[in-house]
Amino acid sequence: MTAHRPSRVARAARAAIVALASLLLLAGCMGVPTTGEVVSVGSGGAATDRTPGIAIDPRPPRKGMGPSEIVDGFLEAMLATPLQTRTAQQFLTSDAQADWHPGDEILVYSGKEAAAAETDESVDVQLGPTWRIDDRGVWRGAVTTAEQTLSFDVVKDGDQWRIAHAPDALIVPDWWFEGRYSQMALYYFNADQSLLVPEPVFVPRGNELATVLIRDLLHGPGEDLAGIVHSVIPSDVGQGLSVPVDANGVADIALTGSSSQQKLSADEIGLLSAQLAWTLRQDPDITKVRLSIGGQPVTQPNGKTEFNVADTGPQFDPSGYQSSPLFFALREGKVVAGTLPSLNTTRGPLGRRAHAVRSIGVDLRGSQVAAVSSDGHSLLLGSMTDIEGVTSTAISGAQDLLKPSWDGLGRIWVVDSRRGGAAVSVVAGGQVSPIQVPGISGADVRRLLVSRDGTRLLAVVRTPMGDRVLVSRITTAADGTPSALEKARVISSDLGTIDDLAWSSSTSVVALHTQESSARVTTLPIDGAGAALLPGGTLVGQPLTALIGSPATGQPSYGVHGTDLISLSTVGRDERVPDALHALTYAG
């Protein structure tokens with residue numbers, strides 16, 4: 001068999017996502033689509049199209065224009081390319097020009113009616129489906145139906161109509177986005193600084209990409225991410241920063257400000273360099289970084305004043321440093337590991353002796369396994385390498401445990417899908433801690449995933465309106481225990497019944513919907529951006545029973561069809577699974 005090429009619908013959806021990404025220079029924000037056999041959007045790709053698109057030079061106001069024409073002209077002026085708001089401001093009164101702040105947010109709409117509902121004092125414009133992106137470039141989802149109606153106050157300014165009040169936003173149609181912006185990620189650290197965490201944002205595709213990325217990185221993660229991620233870079237060292245890139249691909253970053261006078265330790269330099277490198281490696285024009293702080297060159301541990309973006313900070317990889325690339329599975333009740341088609345029995349107690357278990361989760365190093373008993377009542381733990389090891393029972397008396405998921409902090413996340421609603425627990429350090437996840441706890445949960453950096457919990461929740469994929473952010477205390485989870489929010493569009501969920505990158509998951517003779521696999525960005533623009537997904541010519549995926553770069557995604565693995569990515573190929581194997585999975 002061969003890998004399945006994206007359908008026409010999938011290609012159209014990918015183009016729409018590229019279009020969606022095109023928006024945010026005024027907001028100083030960012031973003032990046034990647035390509036593959038499954039429609040996907042994530043931080044792993046690079047923006048290769050450096051052209052900002054066709055130039056658009058909107059017309060300023062003309063004498064005799066009525067209120068509706070003035071409002072229409074104002075909206076059209078926001079499409080100026082290269083991006084500028086000077087023309088749009090001419091449609092405003094002088095007072096309104098001073099009060100208008102288009103960088104506060106972006107409103108992206110799909111279709112609108114011509115300016116209508118005109119009175120002597122206002123003009124209303126009805127937008128179609130509309131999405132909001134905040135001033136940091138973060139996707140905030142769809143606006144309410146009421147917010148799709150925009151009201152513009154209009155007055156006579158002399159003998160000409162002008163807008164006296166306009167929404168503080170850049171208001172642009174989705175078609176305008178294509179080729180202008182990409183979704184990328186800013187990289188911050190998780191609670192114990194063991195892994196970097198990608199935070200998706202939107203960025204313009206022009207020659208100033210490096211400057212925009214670093215400026216936004218230096219602004220920090222924002223108050224809503226306090227306790228979830230943090231930056232080691234002081235927030236006052238990037239005022240007026242510009243990042244020139246020379247012909248050899250060396251980006252010059254000169255940090256100034258009061259904090260730049262502080263002496264950094266070697267460890268602090270390593271952390272700071274990792275944040276910069278992982279953020280800038282998304283720009284294909286950059287190969288190295290030359291860093292100075294307070295006018296003094298920063299010397300790396302190797303004695304050089306430049307560092308490569310491609311190989312700096314590998315130990316902070318969000319998908320887990322040196323995480324196991326192997327397949328893990330069950331064969332006749334024993335845990336096996338290896339590469340297809342040869343998976344060998346592991347040395348630990350769950351590999352040496354058969355157990356009545358139905359699903360497994362493996363830690364990132366491939367050294368520990370958590371197994372759910374066949375009746376779903378118990379969770380067993382054991383080493384996979386210690387020949388003298390014994391199993392322990394972490395959870396007993398449950399009703400219906402789902403497949404467990406490990407994060408990079410060594411915590412096991414597990415759901416008991418009870419008749420009265422799901423109960424979420426975390427197993428860490430031998431202790432089991434129930435934890436409330438608003439929107440997930442108490443719901444009908446069918447699948448649970450945790451990001452390897454330990455900052456995101458995703459779940460498939462069944463509702464009367466159809467299945468939904470929800471994400472909650474995890475706040476972790478200093479001792480490594482999860483101290484709070486925010487209310488989960490929906491990141492999927494209407495996908496019908498979701499049969500499985502798996503990681504496809506550090507910033508995206510794939511959802512499976514199986515039909516009678518085929519399957520649809522859709523990639524969902526973890527921030528929900530563009531989910532509404534992915535109505536078709538990728539069609540696979542066989543029904544699938546499960547997905548196998550990993551956030552690690554180069555580790556392919558598969559759909560399970562009987563004893564066959566159907567490759568869903570360009571880095572994989574179709575594989576045959578020996579008949580005796582089941583519960584096949586990657587680490588995590």
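**A friendly note on this predicted model**

1. Let's begin with the overall make-up. The chain has seven helices and 40 strands; here helices (H or I, at least four residues) and strands (E, at least two) are DSSP runs, numbered from the N terminus. Please keep in mind that this is a predicted model, where local features need pLDDT of at least 70 and side-chain atom pairs count only at pLDDT 80 or more, while totals for chains, interfaces and linings use all residues. Residues are numbered from 1 along each chain as its sequence is written, and side-chain values use heavy atoms, with hydrogens and water left out.

2. Next, the chain as a whole. Of its 588 residues, 57% are buried. Buried means under 20% relative accessible area, exposed means over 50%, and partly exposed is in between (1.4 Å probe, protein chains only). Contact means heavy atoms within 4.5 Å. Among contacts between residues at least 6 apart in sequence, 58% join residues at least 24 apart.

3. Now find helix α6, residues 266–280. How far apart are its end C-alpha atoms? They are 21 Å apart, which agrees with the 21 Å that its 15 residues should span at 1.5 Å a residue. The expected span is 1.5 Å times one less than the number of residues in the helix.

4. The pairing of α5 with α6 deserves a look of its own. The two helices pack at an angle of about 140°, with their axes 10 Å apart. Axes are lines fitted to C-alpha atoms, for helices over the stretch in contact, and angles run from 0 to 180 degrees between N-to-C directions. The helices are therefore oblique to each other, since angles under 35 degrees count as roughly parallel, over 145 as roughly antiparallel, 65 to 115 as roughly perpendicular and the rest as oblique.

5. Which residues make this contact? From α5 come Ala210, Leu213, Ile214 and Leu217, and from α6 come Gln275, Leu276, Thr279 and Leu280. They divide into six nonpolar, two polar and no charged. In this scheme Ala, Val, Leu, Ile, Met, Phe, Trp, Tyr, Cys and Pro are nonpolar, Asp, Glu, Lys and Arg are charged, and the others, Gly among them, are polar.

6. Trp131 sits in strand β5 (residues 130–134). Trp131 has a relative accessible area of 9%, so it is buried.

7. Finally, some backbone details to look up. Most residues other than glycine have a negative phi, and most peptide bonds are trans. The Thr81 to Pro82 peptide bond is cis, with omega near 0°, and Pro82 is in the loop between α2 (67–77) and α3 (86–89). The bond from Leu340 to Pro341 is also cis, with omega near 5°. Gln322 has a positive phi near 55° and counts as exposed at 55% relative accessibility. Glu332, in the loop between β16 and β17, has a positive phi of about 55° and is exposed at 69% relative accessibility.
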